[in-house]
Protein chains: 2
Amino acid sequence: MTPERFASLWRSLEPIGRDPSTDGYLRYAWSEADLACREWFVEEALDRSLTVETDRNGNLWAWWGDPVHGDAVVTGSHFDSVPQGGGYDGPLGIVSALLALDELRDHGSAPTRPIGIVAFAEEEGSRFGLACLGSRLLTGAVEVDRVRSLVDRDGVSLVRAMADAGSDPGGLGPDPERLGRVGAFVELHVEQGRALVDLAAAVGVASAIWPHGRWRLDFRGEGNHAGTTRMADRRDPMLTFAYAVLTANEEARLASAHATVGRAEVTPNATNAIAATVTGWLDARAADQSTLDKLVGAISARTEERAGHDGTTIAMTAESASPITQFDAGLRDRIVATLGGPPVLATGAGHDAGVLAATGIPTAMLFVRNPTGVSHAPAERATDADCAAGVEALASVLEDLTCR
Amino acid sequence: MTPERFASLWRSLEPIGRDPSTDGYLRYAWSEADLACREWFVEEALDRSLTVETDRNGNLWAWWGDPVHGDAVVTGSHFDSVPQGGGYDGPLGIVSALLALDELRDHGSAPTRPIGIVAFAEEEGSRFGLACLGSRLLTGAVEVDRVRSLVDRDGVSLVRAMADAGSDPGGLGPDPERLGRVGAFVELHVEQGRALVDLAAAVGVASAIWPHGRWRLDFRGEGNHAGTTRMADRRDPMLTFAYAVLTANEEARLASAHATVGRAEVTPNATNAIAATVTGWLDARAADQSTLDKLVGAISARTEERAGHDGTTIAMTAESASPITQFDAGLRDRIVATLGGPPVLATGAGHDAGVLAATGIPTAMLFVRNPTGVSHAPAERATDADCAAGVEALASVLEDLTCR
């Protein structure tokens, strides 16, 4: 695989859903941009004489060989992005899958197991708030009633968005027959940090996904006039919020973990009014559950204490909690041997591969180096040369798993 | 004036624009609620055989006597509220003006100067972002072109909003002929702090309005993935913002001044993304200009230093600056003598009275005790008894100024 050959396919997808004013992507699930990506996928799959199907949860599949016989090796990722995200997070795994298949055919490989390429729906959860929605529905890791009640920020339900996009939402839910076809799953993904840069490696293999969770922090105080209320008489929830932001950062550094407050909403949000309420969202992740629990406990305890000092209250609600995902050790060792000993690293990010791994399907991930280390933002990058190396690595893995 | 008589008129205005879920008010300039308040005013003025007119800037006037002869004594305030504000800030001055006029007539007073009641438009600046808009237009304290370009959060221009409400926006701008009629202006207002509570007085008189200003703080960092970006690699503008919030509070306490960050906007504002930018707004006020300058300088310097530490940038832009307003000493002393020596106090809040005082018109303010000290929030209060005392005080002042 030459960098030029990678670039040629990549550039055909690149413009879809890109905001020209920022170079960030707005590829929300079931939006026009997402539908254009899906159409692009169908065209590319049909050009390769693959069999294309959409499952009952809106995930797209393309098959080389008949998957009904089971024990298929599946690869792929997702098209959808976070708001103003990068172009690689998700789509790189799908483009690489198509090109890896081209490699196998160029080599004259004759797989003895079916090979599938999947594009999962709504992985980021940017539109309906629930990450890995398509894979969770497929595996039954989320309640269908909860999914049916999801609405986006404009009040459009998932059910309506699917129907408007021409996908029947009537069958939403676990799909054990289709899941049963998957004998192994390998997801290629752009790295979302700088570990491979520091290790001077183009490709790495995942060991585990850190346990992580999201908490909503509701700070309540007393709305009041900013000009006339004496400082001593205030109960300003913005102060407690600010303290929580700095505390989360400090505690995460102390614990060698990650903690972020990247979202906030203020009421009434007026320049000349002391806030009545502030809501913040905490994202926290660590290498093991005990470290994560201690981290969140410390942030909570210190913020509670500060709220007492500020005359405010803080209520902390877990919105999601994901335990550690250990990828299949046998599959990982086999891939490491095939690829000649690339770096093995854990990641703080959730992925559809983690959802599939939780069902017991042997699952693995490949990472492609990201020179900026930035992800979920327009500066996310991978060089064409590293992407071509990623395609070759994925092709080798597929060949090893299906041709011997 | 009995508390019951005050309450009877007050209750007829009270439901307009009140949000039943919070008891807060949503009386934005030129909204349906604002128009209902204006209609209420016209009805009450006509019931009292006053002459009603709307000026070229949308301010409402009601006259007892012919104002064309000049040297009128004008009283009044505004109807519009901050988002989820209290019901007294503004409307109390208008209701009290109508009832003070009733008092004068009950006393058989025969004013030798015309008496006017004014309801200024858009005092809070909640809809179009510019406080005291109606009085500033009247006195020429704001550029007409700037006002013509103002739009609300939904993109509706002031010009469009006025036209939709049936007011001609064609004549917006200075109105020296109408302003020339005003020989003195007295605004009654609910107190927006607890000074009168501590002094056990129902009514106070203003000495000055503190110098104050608003600054927009633009924090820029690097948007990135919350789960995978190492803490040491981050350039998180939320940290610098949080530091600025806490620093503004600390420095204001040290300076015996007021500083507030009550408004923030985050991009992309997603739970799993480190923010790319945070914008905060600083409201700062102090008893004198030198203290205010030092306060804002200290907040700016410390935040700059922290930005260097965080790998972020901070840009601070003054959005408005108001110098100190000293109310007319002669008028204030005359009012204090008339009322038998009530407390005299400075305020941190801007008012239409401040705009009129800046033109050289003798101007004064009366404050009515607020038991909660809360303002710009639903808990804002004044007892019917204190409001009745306010009406009596205002009636005495008007009688003193017009009947001797």
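Modeller: Let us start with a term: a charge sits over a ring if NZ of Lys or CZ of Arg is within 6 Å of the ring centre and within 35 degrees of the ring normal. This is a predicted model, where local features need pLDDT of at least 70, side-chain atom pairs count only at pLDDT 80 or more, and totals for chains, interfaces and linings use all residues. Residues are numbered from 1 along each chain as written, chains are lettered from A and ligands numbered from 1 in written order, and side-chain values use heavy atoms, without hydrogens and water.

Biologist: Over the face of which residue does Arg263(A) lie?

Modeller: Arg263(A) is at 3.8 Å from the ring centre. The ring belongs to Trp281(A).

Biologist: How many residues of strand β3 of chain A are buried?

Modeller: Strands (E, at least two residues) and helices (H or I, at least four) are DSSP runs numbered from the N terminus. Buried means under 20% relative accessible area, with exposed over 50% and partly exposed in between, using a 1.4 Å probe and protein chains only. On one side of β3(A), Ala72(A), Val74(A), Gly76(A) and His78(A) are buried, as are Val73(A), Thr75(A) and Ser77(A) on the other. For the strand, residues 72–78, the count is seven of seven.

Biologist: Which residue stands opposite His78(A) in β4(A)?

Modeller: Two strands pair if DSSP finds at least two bridges between them. Here six bridges join β3(A) to β4 (residues 115–120) of chain A, and the two run parallel. The residue opposite His78(A) is Phe120(A).

Biologist: What is the angle between the planes of Phe120(B) and Phe185(B)?

Modeller: Rings of Phe, Tyr and Trp (its six-membered ring) pair if their centres lie within 6.5 Å; planes under 30 degrees apart are stacked, over 60 edge-to-face, and the rest tilted. Phe120(B) lies in β4 and Phe185(B) in β5 (residues 182–190) of chain B, so the pair ties together parts 65 residues apart in sequence. Their centres are 6.0 Å apart, and the edge-to-face angle is 75°.

Biologist: What is the relative accessible area of Phe185(B)?

Modeller: Phe185(B) counts as buried. Its relative accessible area is 0%.
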